[in-house]
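Please look over the sequence and the model shown here, and read the notes that follow alongside them.

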Amino acid sequence: MNETKWYQEITPYQWRVLVCACLGWALDIMDGYLYAIVLFLAMSDLLQTTESAVIGWHGGIVLSIFMVGWALGGLVFGPIADRFGRAKTMAITILIYAGFTGLCGIANSWQ
């Protein structure tokens with residue numbers, strides 16, 4: 001009757017790792033959710049239309065490209081991280097992400 005619960009055996013370090021992993025995942029997916037929130041306004045401004053069908057079509061294409069890029073990034077940079085180290089690979093992916101985010105800021109069209 002005096003059995004310990006599974007969570008009582010977890011060390012404070014393991015709890016910190018779990019919290020950090022959950023926060024990292026939340027921040028990673030946040031940009032996808034932010035896009036969904038501003039989809040209509042952003043796409044209507046870029047496409048110069050308020051027609052829902054047109055905005056939905058192009059918004060779906062952009063979201064699909066986002067998700068394919070997300071999957072390809074995992075497939076490409078996972079093995080690179082295994083070979084060269086996770087910290088170096090993370091720094092490289094952050095620089096790539098920041099560079100392309102900066103390029104989005106100077107884009108003249110949605111394409």
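The side chains of R86 and D82 meet in a salt bridge, with 2.7 Å from N to O, where a salt bridge is a side-chain nitrogen of Lys or Arg within 4 Å of a carboxyl oxygen of Asp or Glu. By this rule the count comes to one salt bridge. The model is predicted, so that local features need pLDDT of at least 70 and side-chain atom pairs count only at pLDDT 80 or more, while totals for chains, interfaces and linings use all residues. Residues are numbered from 1 along each chain as its sequence is written, and side-chain values use heavy atoms, leaving out hydrogens and water.

**Surroundings of T89**
- T89, which is found in helix α3 (residues 86–105), is buried, with a relative accessible area of 5%.
- The side chain of T89 reaches the backbone oxygen of G85 at 2.8 Å.
- Leaving aside residues up to four places away in sequence, T89 touches F77, I80 and A81, contact meaning heavy atoms within 4.5 Å.

**Packing of α1 and α2**
- The axes of helix α1 (residues 12–47) and helix α2 (residues 52–84) come within 9 Å and cross at roughly 150 degrees, the angles running from 0 to 180 degrees between N-to-C directions.
- Residues making this contact include Y35, L39 and F40 of α1 and H58, V62 and W70 of α2.

Notes: Helices (H or I, at least four residues) and strands (E, at least two) are DSSP runs, numbered from the N terminus. Buried means under 20% relative accessible area, exposed over 50%, partly exposed in between (1.4 Å probe, protein chains only). A polar contact is a pair of N or O atoms within 3.5 Å; within protein, one must be able to donate a hydrogen and the other to accept it, and residues adjacent in sequence count only if both atoms are side-chain atoms.
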